[in-house]
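This report describes the pockets of one protein model and the residues that line them.

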Amino acid sequence: MPLLSAFLIWAALAGAAVAPSTQSPQPAESRGDVAREVASIFQARCFVCHGAGQQMNGLRLDRREDALRGSNSGPVIVPGNSGESKLIHMVSGTISGKIMPPAGERLTPREIGIIRTWIDQGAEWSGSAGEKAEGSDPTGQSPHWAFRSLRRPAVPAVKNGNWARNAIDNFILARLEAEGVEPSPEASKSALIRRLSLDLIGLPPTPEEVAAFVADEAPNAYERVVDRLLDSPHYGEKWARHWLDLARYSDSDGYRGDGLRPHAWRYRRWVIEAFNRDL
């Protein structure tokens, strides 16, 4: 019996060894996969402060040469050595009093792990193997919003949640808090209607319009002023000016002769009416 039991055990183990597995092992992420994930993380979490628009502390992460050059304090990425890369310590919060991003949600352990793997693999940029990363323009320059697909960004968390009245306020307040700046006090109603009027129609409000708005206690008083100004013919006159300037519009030829263009006004009127009709 002991011999038979041993034989049965051996047969079972041998069968298990040669039996085909029902699950294939997951393939390891390729360098390209990791690089693309890092590009997505940088775009979603870092480019606001370290992209083409602005480079806080001199750090730009949307181009490889700039990222490897580092910040005003020196290199932040050491290809092949994540342990010596300041970027990892900054996003992990291991440097006392410093963590990135400074506001909003922190990077998850998985995201930090992806960046660490990417650095250890040599910090290859997405698209460096011949394919352009999403968001790069046809010339291969830095990512530009015009070449990126639309994505709804995550609304950043803020400390002073009572100040924000909508999601856009969260983005503004998150940046203010990151810079240690307090929001300005809320404008008075007289100042607010003056700003609205100058911005939308290019003219100051009349004393009667100011008095009416200040006295209006309705919750939608602001929205009604905006609608009234947008319906004003002066709205088209004000904003058509920018388009006409770009088109180099003029009623006359200019220079020495300065001959009149008798029908040029028709185009000017069409542009003004196009704005007023919201074409």
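A pocket is an open set of points on a 1 Å grid over the protein atoms alone, where a 1.4 Å probe fits and protein lies on both sides within 12 Å along at least five of seven lines; lining residues have an atom within 4 Å of a point. Grid points are joined across faces, edges and corners, and a volume is the space filled by probe spheres set on the points.

The model is predicted, with local features needing pLDDT of at least 70 and side-chain atom pairs pLDDT 80 or more, while totals for chains, interfaces and linings use all residues. Residues are numbered from 1 along each chain as its sequence is written, and side-chain values use heavy atoms, without hydrogens and water.

| Pocket | Volume |
|---|---|
| Largest pocket | about 1,400 Å³ |
| Second largest pocket | about 840 Å³ |

The largest pocket has 49 lining residues, and Arg45, Cys46, Phe47, Val48 and Cys49 lie nearest its centre. Domain 1 (34-121) and domain 2 (155-183) both contribute to this lining, so the largest pocket lies between them; domain bounds come from an automatic or database domain assignment.

Around the second largest pocket there are 22 lining residues, with Arg165, Asp169, Glu186, Ala187 and Leu192 nearest its centre. Because domain 2 (155-183) and domain 3 (189-276) both give residues to the lining, the second largest pocket lies between them. Helix α8 supplies the largest share of this lining, six residues; helices are DSSP runs (H or I, at least four residues), numbered from the N terminus.

Methods:
Helix = DSSP H or I, 4+ residues; strand = E, 2+ residues; numbered from the N terminus.
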